[in-house]
Amino acid sequence: MTALVRNLFLGMSAIPSIYYIIAIVSIVKFFRAAPFVEAEEKSGFEPPVSILKPVRGLDPGSYENFASFCRQDYPDYEILFCVGDTNDPAFPLLEQVVREFPEQQIRILIGSGREAANDKVAKLVRLVDEASHEYLVISDSDVRVKSNYLRKTIAPLANPKTGAATCFYVPIEETSWVQRLQDVGMLSDFYPGILVAKQLDGVKFALGPTIATTRTRLQAFGGYAFLENRPADDLMVGRLIADQGFEVEILPYAISTVPDYQSLSDLFHKRLRWITVMRHMRPWGHLGLIFTLGLPWALLAVALHPTFAIAGAYLGGYLAFRITMTALVGTWGLRQRGVWQKILLIPLWDAVACLIWLVSFARRSIRWRGQNYLIRDGVLVPIP
């Protein structure tokens, strides 16, 4: 019986390898299609666009983040910022952007005029209402983009079957090992998981740093007003548009974000908030993550049967798969520099990710923007 149980656990320890193979296939299929996506961008589809940016406080490099949206190689677009009040430290910076880009259509809206648990979404309700155009690009305040950004994000919407487009994001710079650890986590873990989901079930989500869609698609599910007391508004926008029968497209293109955390504690709590929300929204999917955590399973296999053959097969196989996934996404797919210099951080990231996953089962609340919330029936409830 002991041998039977041992062999059973050895078999279970191989399941992450199956997931890794599916991930590698999904990554290759996605990025091999990139030239066809780029060809679609040259179709001449250039409708007027409203860029919507909710703002609260200052992010690192805020001025350059905002200014990058004013340098778009695109014929007709406007930028709308919404800030809570004129006392917000971002407000003088927004006024500076308006002064320094007088040729651009830029408006600053003060206050959302709404009471909502999710302040960002409350701002987006007003931004959508005030936007002049049908085509919308929603973007976070910590995003920095190149001049071809609008052309790339709007191009997929030329297809009437596409309801929204979103894209990957990479750090513009990394000033600490914690930021490099986060980047390794995105390249080796988060993005492969997204591409596996795309391959197996289609894209039924969007990524918050950039969502391109239309006013009509938002209004069909009730718009941002429907989401203003809910977590994970970006994921929900993609899901609710997909539920209408439209495709949500992920672009093989990356924008830049400026990291806003400096310590391992900051990173831990940021990821814990995200994965706790996922546990409430997709409980079975969250539980199934246990079979994507290759490091603890490989260590279990070696502990059960400590031989060189088992160590080579399980630990060696784990490292080979994880390095391959990271290199395919970071170096080949997103053409990111310095990926190989961070490869040794993969086991550390996997250990941290496993700990975050375990801790998430004990979490009843999340902390966001200095406020604690419970999640009840998919709704954010502020904790006094």
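Guide: Before we zoom in, one working term: a contact here means heavy atoms within 4.5 Å. Also keep in mind that this is a predicted model.

Let's take Arg364. You'll find Arg364 in the loop between H15 and strand S9, which spans 365-368. Leaving out residues up to four places away in sequence, Arg364 touches Tyr373, Leu374 and Ile375. There's a distance to go with that: the C-alpha atoms of Arg364 and Arg376 are separated by 9.4 Å, and these two residues sit twelve apart along the chain. Is Arg364 buried or exposed? Its relative accessibility is 62%, so Arg364 counts as exposed.

Now for another arginine, Arg335. Arg335 is in the loop between helix H14 (308-333) and helix H15 (346-360). With 63% relative accessibility, Arg335 is exposed. As background, most residues other than glycine have a negative phi. Ala232 is another non-glycine residue with a positive phi, near 55 degrees. Ala232 belongs to the loop between helix H9 (215-219) and helix H10 (233-242). Its relative accessible area is 17%, and because buried means under 20%, Ala232 counts as buried.

From there, let's head inside. The largest nonpolar core has 78 residues, and the members that touch the most others are Leu52, Phe168, Tyr191 and Tyr224. Helix H8 (residues 177-201) gives this core its largest share, ten residues. Another core, of 32 residues, lies apart from it, with Ile51, Phe81, Val97 and Ala165 among its members. Which residues does Tyr224 touch, once those up to four places away in sequence are set aside? The list for Tyr224 runs Val121, Leu124, Val125, Val128, Ile138, Leu218, Asp233 and Val237.

On to the charged pairs. Side chains of opposite charge can pair when their charged atoms come close. Searching the whole structure turns up 14 salt bridges. One of them joins the side chains of Asp73 and Arg151, at 3.7 Å from N to O. That pair ties together distant parts of the chain, 78 residues apart: Asp73 is in the loop between helix H4 (62-68) and strand S2 (77-83), while Arg151 is in helix H7 (residues 149-154). Asp73 is partly exposed at 47% relative accessible area, and Arg151 is partly exposed too, at 28%.

Arg126 and Glu130 are both in helix H6 (residues 119-130), four residues apart, or about one turn of the helix. Their salt bridge has its closest N and O atoms 3.4 Å apart. Arg126 is partly exposed, with 24% relative accessibility, and Glu130 is partly exposed at 31%.

One last stop is Lys204, which forms a salt bridge with Asp201, the closest N and O atoms being 3.6 Å apart. Lys204 is partly exposed, at 39% relative accessibility.

Key
Residues numbered from 1 in each chain as written. Predicted model: local features only at pLDDT ≥ 70, side-chain atom pairs only at ≥ 80, totals over all residues. Heavy atoms only, no water. Helix = DSSP H or I, 4+ residues; strand = E, 2+ residues; numbered from the N terminus. Buried < 20%, exposed > 50% of the residue type's maximum accessible area, 1.4 Å probe, protein only. Core = buried A, V, L, I, M, F, W, Y, C linked by side-chain atoms within 4.5 Å. Salt bridge = Lys/Arg side-chain N within 4 Å of Asp/Glu carboxyl O.
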